[in-house]
Amino acid sequence: IMSHSPPLIAHASSQDKKTTITAVSELLKGPAPSTYDTFSSVVQKQRRRSWMGKIMRKKEDKYMLDEGKRLKVCISALMQMRFHDQLAYSGLLTSMTLYMRTTLEMSASSAAMVISIWTGLCYLTPLMSAYLADARWGRAKTLIVSQYVFFVGMFCIAMSTYFGTAYVEAAHSLFWLGMLVVSVGFGGFKPTLSPLGADQFNAKFKRTEEQKQIAKEKRSSFFGWLYWANQLGGIIAASVIAYICQNINISIGWSLSSIALLFAISSFYSAKNYFICVPPEKSILIDVLRVLYASCKLRCKGQKAPPLHQQQQHYTASPNKISHP
């Protein structure tokens with residue numbers, strides 16, 4: 001660089017030369033490695049060249065430099081998502097018995113059995129989504145994909161209530177399809193939203209001590225406010241949405257639940273560029289299944305498990321491969 005620009009150096013003072021040489025050496029070193037470049041999409045590697053891209057770049061840089069503002073954006077988005085998701089789920093659940101007894105003409109025992117099975121399925125699908133979040137897609141991608149799936153299922157259920165008496169079979173088929181899709185979508189955001197929020201406060205993803213201190217101060221209140229957002233969504237669903245479904249029109253009530261999911265999706269995209277997104281590594285579920293397989297294999301062979309100290313030595317020597325010695 002010095003050889004290609006002799007006029008700039010030759011006619012400059014000694015102080016200017018020293019400043020120029022320092023600047024050139026800093027350029028040769030390159031920028032410091034950034035956590036956000038690795039774990040988040042805050043700093044986009046390929047900037048858009050349009051005027052909208054320049055506006056968004058200024059806004060992103062402003063929040064990127066201020067850790068407090070970045071956390072505010074991320075926390076408020078996650079709280080809104082939790083509120084709207086719980087509002088949609090509870091709004092559907094509180095009026096499901098009424099719909100099954102009146103429209104589907106099911107008995108009380110049959111309706112209770114179906115709702116129990118469906119609720120259990122909703123809390124079983126998080127195992128699948130947790131594996132995808134930890135080992136395949138990452139938490140942010142799993143969260144937004146599950147939101148779309150949740151919305152599609154809720155939309156099918158809401159649309160099934162608008163069919164007239166001439167399309168009873170189509171309405172019933174659409175309702176049961178929507179129920180199945182909702183169970184997958186609802187189980188998708190359960191194990192991903194809270195860990196994604198916890199990643200925003202992780203000290204190893206912070207650049208400076210000031211950012212670490214700000215994250216430490218806000219971390220203690222995050223899960224408490226997230227819990228209140230969840231409960232508030234359930235209260236409004238059990239009062240407002242349930243009242244609309246029972247006294248006005250069930251189609252309007254479930255349509256409002258579907259609209260709530262649209263607000264949840266928009267909340268995610270409003271803070272998408274400010275999330276710290278940890279890349280997927282491995283899932284503990286695979287290790288658990290390997291341990292169960294090794295235990296069953298030993299039991300079937302009639303062998304006893306080795307002593308605890310031998311197991312610890314074996315697993316310490318090969319932490320990524322779990323099998324019986």
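Residues are numbered from 1 along each chain as its sequence is written, and side-chain values use heavy atoms, with hydrogens and water left out. Since the model is predicted, local features are reported at a pLDDT of at least 70 and side-chain atom pairs at pLDDT 80 or more, while totals for chains, interfaces and linings use all residues.

## Confidence and overall make-up

The pLDDT, which is the predictor's confidence in each residue on a scale from 0 to 100, averages 76 over the protein, and 71% of the residues score at least 70. Residues 1-12 have a pLDDT below 50, and this stretch has 8 contacts in the model beyond near neighbours in sequence, a contact being heavy atoms within 4.5 Å. Residues 23-63 also stay under 50 in pLDDT, and the model has 53 contacts for them beyond four places in sequence.

The protein holds 14 helices and 0 strands, where helices (H or I, at least four residues) and strands (E, at least two) are DSSP runs numbered from the N terminus. Of its 325 residues, 38% count as buried; buried means under 20% relative accessible area, exposed means over 50%, and partly exposed lies in between, with a 1.4 Å probe and protein chains only. Among contacts with a separation of 6 or more, 78% are between residues 24 or more positions apart.

## Helix α11

Helix α11 covers residues 209-248, and its 40 residues should span 58 Å at 1.5 Å a residue, which agrees with the 55 Å between its end C-alpha atoms; the expected span is 1.5 Å times one less than the number of residues.

## The nonpolar core

A nonpolar core is a set of buried Ala, Val, Leu, Ile, Met, Phe, Trp, Tyr and Cys residues joined through side-chain atoms within 4.5 Å. The largest one here has 55 residues, and Met100 and Trp254 have the most contacts inside it. Helices α5 (67-94), α6, α7 (108-122), α9 (139-160), α10, α11 and α12 each supply at least two of its residues, with the largest share, 12 residues, coming from α5. In soluble globular proteins, nonpolar side chains tend to be buried together.

Tryptophan 254 touches residues that include Gly91, Tyr99, Met154, Phe175 and Cys245, leaving out those up to four places away in sequence. Cysteine 245 lies in helix α11 and is buried at 5% relative accessibility.

## Aromatic pairs

Rings of Phe, Tyr and Trp (its six-membered ring) pair if their centres lie within 6.5 Å, and planes under 30 degrees apart count as stacked, over 60 as edge-to-face and the rest as tilted. By this rule the count comes to 17 aromatic pairs.

| Pair | Centre distance | Plane angle | Class |
|---|---|---|---|
| Tyrosine 99 and phenylalanine 175 | 4.8 Å | 40 degrees | tilted |
| Phenylalanine 175 and tryptophan 254 | 6.3 Å | 15 degrees | stacked |

Tyrosine 99 lies in helix α6 (residues 96-102) and phenylalanine 175 in helix α10 (residues 168-199), so their pair ties together parts that are 76 residues apart in sequence. Tryptophan 254 lies in helix α12 (residues 250-270), and its pair with phenylalanine 175 links parts of the chain 79 residues apart. Tyrosine 99 is buried at a relative accessible area of 3%, phenylalanine 175 is buried at 0%, and tryptophan 254 is buried as well. Elsewhere, ring pairs link Tyr89, Trp118, Tyr123, Phe150, Phe186 and Phe189 into a cluster.

## Two further residues

Glutamate 105, in the loop between α6 and α7, has a positive phi of about 55 degrees although it is not a glycine, and it is exposed, with a relative accessible area of 69%. Most residues other than glycine have a negative phi.

Histidine 172 lies in helix α10 and is partly exposed at 22% relative accessibility. Leaving aside neighbours within four places in sequence, histidine 172 is in contact with Thr103 and Leu104, and its C-alpha atom is 7.6 Å from that of leucine 104, a residue 68 residues apart in sequence.
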